[in-house]
Amino acid sequence: MALSDVSIRKFKTEKRTFLSDGNGLYLEVTPTGSKRWWYRYMVNGKNRKIAIGYYPSIGLMDARIQAITMRTEQKNADVPIDPLEEREKERLTKIAQAEAEALQAKIIQQQQEAEKAQINARLTFQELYDR
C-alpha cells in the first residue's frame with residue numbers, strides 16, 4: 001500500500017506502528033505522534049535499517065527519493081554498499097576534520113602568543129639597556 005501525505009498527517013495510533021510505502025521505505029508512528037522515516041535493506045544476507053528523518057521535516061516525496069537513491073547506489077555498486085556504514089564514515093570524517101581544524105587553530109594561536117612574547121621580551125631587553 002502506497003502512502004499518501006494526507007493519510008500520514010491524519011494517522012493516529014495507540015501503540016508503535018509501522019506503515020510501509022514499498023521498496024523498503026516505511027514510516028514509524030509512535031503514540032506521542034512522532035513519525036520517523038526508515039529505509040530497510042539487506043547487505044550480505046543481513047537485514048539492516050537506516051533512519052531517513054522525521055516527518056514532516058522530510059516529506060513523503062523526499063523520503064521516497066532518498067530511499068530510491070540508496071537503493072540504486074546499492075544495486076549499481078560492484079562491492080555491496082551499506083548506507084549505514086557510509087553515513088558513519090562520513091560522520092567520522094567530519095569529526096576528524098573538525099578536530100584537525102581545531103588543532104591547527106590552537107597551533108596558530110600558540111605561535112602568535114609566542115611571537116608576542118618574543119616581541120615583548122625584546123622591548124623589555126632594550127629598555128634595560130636604555131637606562
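The model is predicted: local features need pLDDT of at least 70, side-chain atom pairs count only at pLDDT 80 or more, and totals for chains, interfaces and linings use all residues. Residues are numbered from 1 along each chain as its sequence is written, and side-chain values use heavy atoms, with hydrogens and water left out.

**Exercise 1.** Classify the ring pair F18 and Y26.

Solution. A search of the whole structure finds three aromatic pairs (ring centres of Phe, Tyr or six-membered Trp rings within 6.5 Å; planes under 30 degrees apart are stacked, over 60 edge-to-face, the rest tilted). For F18 and Y26, the centres are 5.5 Å apart and the planes stand at 70°, so this pair is edge-to-face. Next, accessibility (buried is under 20% relative accessible area, exposed over 50%, partly exposed in between; 1.4 Å probe, protein chains only). F18 is partly exposed at 37%. Y26 has 6% and is buried.

**Exercise 2.** Classify the pair Y39 and Y41, then judge the burial of each residue.

Solution. Take the geometry: 5.6 Å between centres, 15° between planes. The Y39 and Y41 pair is therefore stacked. Y39 has 0% relative accessibility, so Y39 is buried. Y41, at 5%, is buried too.

**Exercise 3.** Describe the setting of D21 and find its side-chain partners.

Solution. Start with location: D21 belongs to strand 1, residues 17-22 (strands are DSSP runs of E, at least two residues, numbered from the N terminus). D21 is buried at 13%. Now the contacts (N or O atoms within 3.5 Å; within protein, one able to donate a hydrogen and the other to accept it; residues adjacent in sequence count only if both atoms are side-chain atoms). The D21 side chain reaches the backbone nitrogen of L3 at 2.8 Å. It also makes a polar contact with the R64 side chain, at 2.7 Å.

Methods: Helix = DSSP H or I, 4+ residues; strand = E, 2+ residues; numbered from the N terminus.
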